[in-house]
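I opened this notebook to keep track of what I looked up, entry by entry.

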Amino acid sequence: MSTDDPDHADVYVKIAQLAREMSEHMPADTTSALDELVGNAVAHIPGAAYAGITVVARRGEEITTPAATGEHPRTLDALQHKHHQGPCYAAATEHDSYFISDLHTEERWPAFRSDAMAHTPIRSIASFTLFTTRDTVGALNLYAVEPDAFGQQSRDLGYVFAAHAAVVWAALQRTEQFQSALASRDIIGQAKGMVMERYNLDAIQAFELLRRLSQDSNTRIFDIADRLVRADHPPSPGGLP
């Protein structure tokens, strides 16, 4: 397609607008971010009737669907988990993008194809590599009940959504890790204060005691500290303060 083609120009203007809008607004948590992303994918990408996020554990033993519009994406992920094959599974684990124009004529992933035809009305699928972490890999998936639903414009926009989702995922994971680290520091600080008070130790000696307990028991310092704090402040019956 020529770059002078008005339709070609329009899609890249739309891509720029969507990228700017998504970058200016980031939901507060991972679940909300992914729900919003798959909803926007269906709203903005031509041909997409459904969208979902597929997350595959590094060892390929587990496939989950943290966000989806409707049940068909979840059903298709469950089938890919069953057979360990399919476009979403491949996009996540092989770090590539895969497109099915028509499940009726698709020759790859035969076991998945057969079950997908039997259990859903989906005919077209577009799967994009989404993110890679130490423990998981992910894919953004678009679905349609008509064959040949995803042309070049849809694929271009799909790449944009996948790239943005990868950035959002990484940012939210860092935020959650930072918040978890702060919470761990607070618990360790409380335990250290308890040890200082009970055994008349200074801060360095108290932390060294916790560290030695951690090494001797092969247990994280946080877990040692958490047990000390919980033992000193057991929860009230019924969870009331």
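Entry one, a single residue. I looked up the neighbours of Thr65 and found that Thr65 touches Ile53, Arg74 and Asp77, leaving aside residues up to four places away in sequence, where contact means heavy atoms within 4.5 Å. Thr65 belongs to strand β2, and I noted that helices (H or I, at least four residues) and strands (E, at least two) are DSSP runs, numbered from the N terminus. Thr65 counts as buried because its relative accessibility is 16%; buried means under 20% relative accessible area, exposed over 50% and partly exposed in between, with a 1.4 Å probe and protein chains only.

Entry two, the ground rules. I am reading a predicted model, in which local features need pLDDT of at least 70 and side-chain atom pairs count only at pLDDT 80 or more, while totals for chains, interfaces and linings use all residues. Residues are numbered from 1 along each chain as its sequence is written, and side-chain values use heavy atoms, with hydrogens and water left out.

I traced an open sheet of five strands in the order β2-β1-β5-β4-β3, with antiparallel pairing, and two strands pair if DSSP finds at least two bridges between them. At the edges I found β2 and β3 (98–100), each of which pairs on one side only. Direction ignored, neighbouring strands of this sheet are turned by 25 degrees against each other on average. As background, I noted that strands of a sheet pair through backbone hydrogen bonds, either parallel or antiparallel.

Entry four, strand by strand. Strand β1 (residues 50–57) has six of its eight residues buried, so it is largely enclosed by the rest of the structure. I counted eight bridges joining β1 to strand β5 (residues 136–144) in antiparallel fashion, and four joining β1 to strand β2 (residues 63–68), again antiparallel. Gly52 has Asn141 as its bridge partner in β5, and in β2 Gly52 stands opposite Ala68. Eight bridges also join strand β4 (residues 124–132) to β5, and these strands run antiparallel; Phe128 stands opposite Leu140 in β5.

I found α3 lying across β1, β2 and β5, running at about 170 degrees to β2. Axes are lines fitted to C-alpha atoms, for helices over the stretch in contact, and angles run from 0 to 180 degrees between N-to-C directions. The axes of helix α3 (residues 72–83) and helix α5 (residues 110–119) come within 10 Å and cross at roughly 150 degrees. The two helices are therefore roughly antiparallel, since angles under 35 degrees count as roughly parallel, over 145 as roughly antiparallel, 65 to 115 as roughly perpendicular and the rest as oblique. Among the residues that make this contact are Leu76 and Leu79 of α3 and Phe112 and Ala116 of α5.

What is the angle at which helix α7 (residues 203–217) and helix α8 (residues 221–232) pack? I read about 110 degrees, with the axes 9 Å apart, and α7 and α8 are therefore roughly perpendicular to each other. The contact is made by Phe207, Leu210, Arg211, Leu213, Ser214 and Ser217 of α7 together with Ile221, Ile224 and Leu228 of α8.
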